[in-house]
Amino acid sequence: MPASLASFVFYHPYARIFTCACVFALDWVLYAVDPTAHSKKETFIPVVGEAASFVFRKYPPHGWSLVKIEMWLFCIVFGCMLGRVIHHGILRDFLKLEMFGAYQPPKLRTKGSWTVMLLTVTLALPAGAYAYNAITRITYPRWYKDYTLTNRLGMSEESFAYITTMFTFVADFWAVFAILDQLLQDDMLSHTGPATAHEICPAEADGADTQGAPQWVYSGRFRKRYHGWSGPICRWWDRWRITAFWASFLACSTIVAVLIPGSVVAWEHSKGSTETVRALIASLVAMLDVAILAQDWEFPSFNSALDIKLPGLPQFEMDVHSAHWGRIYVSGKWMSYGPLFVTIVLDLNAVNTLIGYHPKDYAQYTNPRTNRIYFVDTWTEANRVGLNLTWAARNGNMTHNFTDPGLNSRFIGTPYVWKLLVCIPPLCAYLALLVFMWHRSRYLQTLVENVPISEPEEACSSPT
């Protein structure tokens, strides 16, 4: 396939919507065939588990509860400060990444800071949990066993799978309708042509940052290439945009929330999936998450030359000023793709879980003849210490009447090394994404250093 044709197909609006639909479909299939979604074992997640236990669980009596609250509040403040330093000092000023505010006007130089602070807070809370455990063990050893913070969340794998899957589906629907909203607004505005001068004259596109660097906009070629792709739909969407957006988003989310707990998702292939197939599906989902970002016409800068409104809202941006808390600014692109970053973390966790999956870790076992997976169906028994999880003990002992449910999913004991091979596609996608962002930042730095900058009013005339 020629490079120009591949680019045309990859960035086409229909391809962008199709990618989001594929992510939703694969998430649905993954939930249906994932054996951990049926486990009654208490769930555990490294890092996130400690953070959740630190904030929401295991509060000691008396005044130590206040000490714990003060510690996790300090960790949140410290994480926000650390995230701000990483965003400003490394991502924006040192690496000079556009999507984090490099080469931007002062208004946009904090782009992405909330996402970075969320990640640093998530890492700071487990560190505070380890410090809290050390203090508890030294000060009150008799409390250590009852109030020590671990990576266990106090809920079953089944409940956790439902919560994360529900969030993933809602985020998928949000991405679908947010991208569709952007594309239809874009196609509508391209008919009226309010941003023609911005595309012809980049110096006027909110022209200079604090160092006088120009703002470059490269999405004009995509608008010319796909001009009129939506036909008359964009005019109808422009009239009913807010109503149609929220009605479609809420309806789809409600339908999925009703269907997930039911038996409608309990379908599988007649022979069942193996652990390699399940890990491959999770890897494809993680790879398509990156594709959603890479298909954006303004990636990685997320700067649009057109006045695109926020998804489902009448304003163009969220800009809140406070004398005490400073300024909170969220652009349309970050509001559209913000939930996607959380979804990426959940999908990577799913890849890690399915690659390292073993039935015994989830109170499950297999039939040695068919390799089908069976699971213990009660919370008390699934979390009992010393539980004998073998086929002979659970189903071969005629003195006990076990009725453990079975799945069509199978576990055949594929070597761990072979399962790691399914990580190659998403790993290559993430590396390509980082290389593209780095190349883009270096290219912009070259332009800033070598291209002479003219005053906006002298660069081109105002549109008539």
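At 1% relative accessibility, F169 counts as buried. This residue belongs to a predicted model of 464 residues, 45% of them buried. The protein has 17 helices and seven strands. Among contacts between residues at least 6 apart in sequence, 80% join residues at least 24 apart. The exposed surface comes to about 23600 Å², and carbon and sulfur atoms supply 66% of it.

The count of aromatic pairs is 21. In one of them, the ring centres of W28 and F169 are 5.5 Å apart and the planes stand at 25 degrees, so the pair is stacked. W28 lies in helix α2 (residues 13-33) and F169 in helix α7, so the pair ties together parts that are 141 residues apart in sequence. W28 also counts as buried, because its relative accessibility is 15%, under the 20% cut-off.

W246 and F249 form an edge-to-face pair, 6.0 Å centre to centre with 75 degrees between the planes. Both lie in helix α10 (residues 233-259), three residues apart, about one turn of the helix. F249 is buried, with a relative accessible area of 9%, whereas W246, at 28% relative accessibility, counts as partly exposed.

Next comes the largest pocket, with a volume of about 1500 Å³. Its lining comprises 43 residues, and L119, F341, V342, I344 and V345 lie nearest its centre. The lining divides into 38 nonpolar residues, five polar and no charged. Elements that each supply at least two lining residues include α5 (113-139), α7 (157-192), α12 (332-355) and the strand β2 (152-156).

Conventions
Residues numbered from 1 in each chain as written. Predicted model: local features only at pLDDT ≥ 70, side-chain atom pairs only at ≥ 80, totals over all residues. Heavy atoms only, no water. 1 Å grid on protein atoms, 1.4 Å probe; cavity = no way out; pocket = protein on both sides within 12 Å on 5 of 7 lines; lining within 4 Å. Points joined across faces, edges and corners; volume = space filled by probe spheres on them. Helix = DSSP H or I, 4+ residues; strand = E, 2+ residues; numbered from the N terminus. Nonpolar A, V, L, I, M, F, W, Y, C, P; charged D, E, K, R; others polar. Buried < 20%, exposed > 50% of the residue type's maximum accessible area, 1.4 Å probe, protein only. Contact = heavy atoms within 4.5 Å. Areas by Shrake-Rupley, 256 points an atom, 1.4 Å probe, with all protein chains shown as cover. Phe/Tyr/Trp six-rings, centres within 6.5 Å; stacked < 30°, edge-to-face > 60°.
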